[in-house]
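Here are some friendly notes to read alongside the model. Please keep the structure open as you go through the points.

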Amino acid sequence: MRWLIYCVCLAVFPGQVFASEDTDKPRLIVQITVDGLRNDLLTRYRSGFGSGGFLRLIENGVWYTNAHHLHANTETIVGHATLATGAHPAQHGMVGNVWLDQARGILRYNIEDPEHPVLQVPGFQGEGDQVDPAQAIARAGGRSPKNMLVSTFGDELYKSNNGRSKVIGVSGKDRGAVAMAGHTGKAFWLSTATGAFETSTYYYDAYPDWALAWNAKRPADAVIGTAWELADDPRSYLFADNDDRPYEVDLRGFGRTFPHTYGTPEDGLFYTQVLIGPIGDELTADFAKAAIRAEELGGDYYPDFLSVSFSSVDAVNHFFGPSSLENEEIMRRLDRTLADFFSFVDEEVGHENVLYVLSADHGMPEMPEYMAQLGFTVERNFNGELQEELNERIAAEFGVSEAVKYFFRPYLYLDHDEIDATGVAVREIEQFIVDDLMARDGITMAMPREPFPEQIGHMLEEPIRRNFHPQRSGDIYVAQSPYSFLFEKGPAAVMHGSPWRFDTHVPIIVSGTTIAPRIVNRFVGTVDIAPTLSLKLGATLPSGSSGGSLTEVFIEPLTK
Ligand SMILES: [Zn+2]
């Protein structure tokens, strides 16, 4: 009810307390990112949603149903950074979850920053096991937005009023929080090692009391010894008869069918199971609520920015696929989590004071074996195996050993010293690799920094160029064929990251009482979101933003 107090203040001190009387500005912008939400899942599951979650946003907002990421590497950090900055990875610099640090000669995790270690949450210890090869790279442990090369909308909002706006990013994943919080915000994420929401010394010297209090209750541990069960009558699900399919992953006893049984923290993957199940999103929403209340977001004239990135849909997709009973169930559960969260925000901030934005960092392919059943030629390729085979063939052909130094999606990195020492032209090695990879099932494109003439004008050329940063991108970009699989190693039914439509197609919904509801089918880019928000709020455009404005967001309803 803080907004009531604000109204009283405005009446008593008109034009004195506040720098402007522009009361139409939202007091709080809530940007929701659903990790891995392909746009059509909203349509497919619509009948299973209540009125207060996804449908509330759709019915009170503009839904851009043909929105796409325009870059090639549809990975989590790339998408989040693009949503936050309105820039392409070529400008914001987050070209992949992992890239080669050329100065140090080692692979680096995107938001890794040894100078800003993760702040230990008192009483929470534990290493946990890691199923994400990108996270396993992040050995130094620190986290910050230092590697983001341009400003975010949140940064510009903060600057627009001399730092009176508060900017906070919360996520089930570190990269989902850090990218959206930008350089000027505060980021918190769920640790799959300890179950706590943690931050780094970039943001705080010590945890704020409210975060300590939230963690001290150890809410993730509530599901120890319980199971994730279907919330509704099994007959109400489209995928009721498809609960167990080959290539679904049983993550250390979590199982491939309902009910999915949670283990214990000693198992090493318990908090990863937490992230997969509905409790992952529930905890994320609950932590965001604590932030709203403690930081009094939306509590004064200066608009605040809260990013909430939900990770469970993505996790479910990776282990069970997007066309699975688990996916249908997690979407219903997220819908309920959102409805509860929106009710809370109504109470705390007032629904007319909030502008909501919903999108996703990438979409999701189907499981390769499912597409094979439907008649498609698909392949499961593994980078490590491809690297080994390429190096053997290059050694036999050119006498260069270990010419491919690293192959971490999507880039293949050559050992230039090794190649130069043998006197072979790098271009010859590139041609050999391109010919070899593109002759394989499951790979559509292998494009060097300087494409070969026959690659110029290919539909993937532009997305690959938008992904290119000279210090971070590798020598050859490798794009998998539609619905084929490309992954380092580890348990995964499905991997996103391709430049194809199922991976680029995400919803954009902008919702609030100042917006005339409609559905827009025009092709738009996710780079349009951040500039649109800057224009709506009167802030400087994010520094590297490429997008235009989503004009329908500026059309007000006839009656408010
Ligand atoms: Zn993601």
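**Notes on the predicted model**

1. Contact here means heavy atoms within 4.5 Å.

2. Before going further, please note that this is a predicted model, in which local features need pLDDT of at least 70 and side-chain atom pairs count only at pLDDT 80 or more, while totals for chains, interfaces and linings use all residues. Residues are numbered from 1 along each chain as its sequence is written, and side-chain values use heavy atoms, with hydrogens and water left out.

3. Buried means under 20% relative accessible area, exposed over 50%, and partly exposed in between (1.4 Å probe, protein chains only). In soluble globular proteins, nonpolar side chains tend to be buried together.

4. Which residues hold the zinc ion? Asp 35 (OD), Thr 76 (OG1), Asp 361 (OD) and His 362 (NE2) coordinate the ion at 2.0 to 2.2 Å. Along the chain these donors follow the spacing D-x40-T-x284-D-H. Distant parts of the chain are linked here: Asp 35 sits in the loop between β1 (28-34) and α2 (40-44), and Asp 361 in the loop between β11 (354-359) and α14 (368-373), 326 residues apart. Both Asp 35 and Asp 361 are buried. Donors are N, O and S atoms within 2.8 Å of the metal (3.2 Å for Na, K and Ca); water is not among the atoms, so sites may look incomplete.

5. Helices (H or I, at least four residues) and strands (E, at least two) are DSSP runs, numbered from the N terminus. Helix α12 is mostly covered, with 9 of its 9 residues buried; among them are Asp 314, His 318 and Phe 320. Just after α12, Gly 321 takes a positive phi of about 90 degrees.

6. Ser 324 lies in the loop between α12 (312-320) and α13 (325-349). Is Ser 324 buried or exposed? Its relative accessible area is 0%, so Ser 324 is buried. A polar atom of its side chain lies 2.8 Å from the backbone oxygen of Gly 321, and one lies 3.0 Å from the backbone nitrogen of Asn 327. Not counting residues up to four places away in sequence, Ser 324 touches Tyr 45, Phe 239, Arg 245 and Glu 248.

7. Ala 492 is in the loop between β17 (485-487) and α19 (501-504), and counts as buried because its relative accessibility is 11%. Neighbours within four places in sequence aside, Ala 492 is in contact with Val 249, His 318, Arg 380, Phe 485 and Phe 487.

8. To finish, look at Thr 504 in helix α19. Thr 504 is buried because its relative accessible area is 1%. Apart from residues up to four places away in sequence, Thr 504 touches Ala 67, His 68, His 69, Thr 74 and Pro 499.

Note on methods. A polar contact is a pair of N or O atoms within 3.5 Å; within protein, one must be able to donate a hydrogen and the other to accept it, and residues adjacent in sequence count only if both atoms are side-chain atoms.
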